[in-house]
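Good morning, and thank you for coming.

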Amino acid sequence: AKNSSTPPERKKTIIYSHGNAADLGMMFDRFLHLALLLDVQVVAYDYSGYGESEGSQSEQQAYRDIDGVFKYAVETLNVPPSSIIVYGQSVGSGPSTYLASTQKVAGLVLHSPFLSGLRVLTDNRCLGCFDPFQNVKRMPSVECKVFIIHGTNDQEVHFHHGVGLQEQVAVENKTEPWFVVGKGHNDIVDCERQL
């Protein structure tokens, strides 16, 4: 007799874009923790010029890198885009927001994100044409649920960046952000492990 029950829901897959001061080797325990805790698959990568990856670093190359990872997940791992959650931490918020604004994915998680690369350094817009990773401009094009995590005491990427991005999320895609009181740029994970 055929099994008439509905097939089990496919596991979600996280495409994880790490922060600037990290590489795959440093992040392995974090990926394993996420996979086991959330019962998801994690596909992580190093940007060109990071860790063991060859090539040179640039904004456009970071977009090509995440496009390649997305293509690999969909075409080689057979993960439907509707099962992909894009996770970007710090500088990883740039390629992650880009991907979520150009592909139909299940969700976008931004951890200690920035409005744009230049805005981390200054609020002056005179050099706007040289402003990489303009997450704030891409956010209105994101058509999936968005979850923003930011420490209120972040000294590297000020907390107002997370607040500003939350304001740009389309109403139908907003989720309650997790603004972690008293935490900074790299210690939010310490809080997560206590949960």
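Strand β1 (residues 13–17) and strand β2 (residues 41–44) pair in parallel over four bridges; strands are DSSP runs of E with at least two residues, helices are runs of H or I with at least four, and both are numbered from the N terminus. Pairing requires at least two DSSP bridges between two strands. Please note that this is a predicted model, in which local features need pLDDT of at least 70 and side-chain atom pairs count only at pLDDT 80 or more, while totals for chains, interfaces and linings use all residues. Residues are numbered from 1 along each chain as its sequence is written, and side-chain values use heavy atoms, without hydrogens or water.

Within this pairing, Tyr-16 has Ala-44 of β2 as its bridge partner. On strand β3 (residues 84–89), which runs parallel to β1 and is joined to it by five bridges, Tyr-16 stands opposite Tyr-87.

How many residues of β1 are buried? Five of the five are buried, so the strand is largely enclosed by the rest of the structure; buried means under 20% relative accessible area, exposed over 50%, and partly exposed in between, with a 1.4 Å probe and protein chains only. In a regular strand, side chains alternate between the two faces of the sheet. Here Thr-13, Ile-15 and Ser-17 are buried on one side, and Ile-14 and Tyr-16 on the other.

Turning to the helices, α2 (residues 59–76) and α3 (residues 93–102) pack at about 55°, their axes 9 Å apart; axes are lines fitted to C-alpha atoms over the stretch in contact, and angles between N-to-C directions run from 0 to 180 degrees. The contact, meaning heavy atoms within 4.5 Å, includes Phe-70 of α2 and Tyr-98 of α3.
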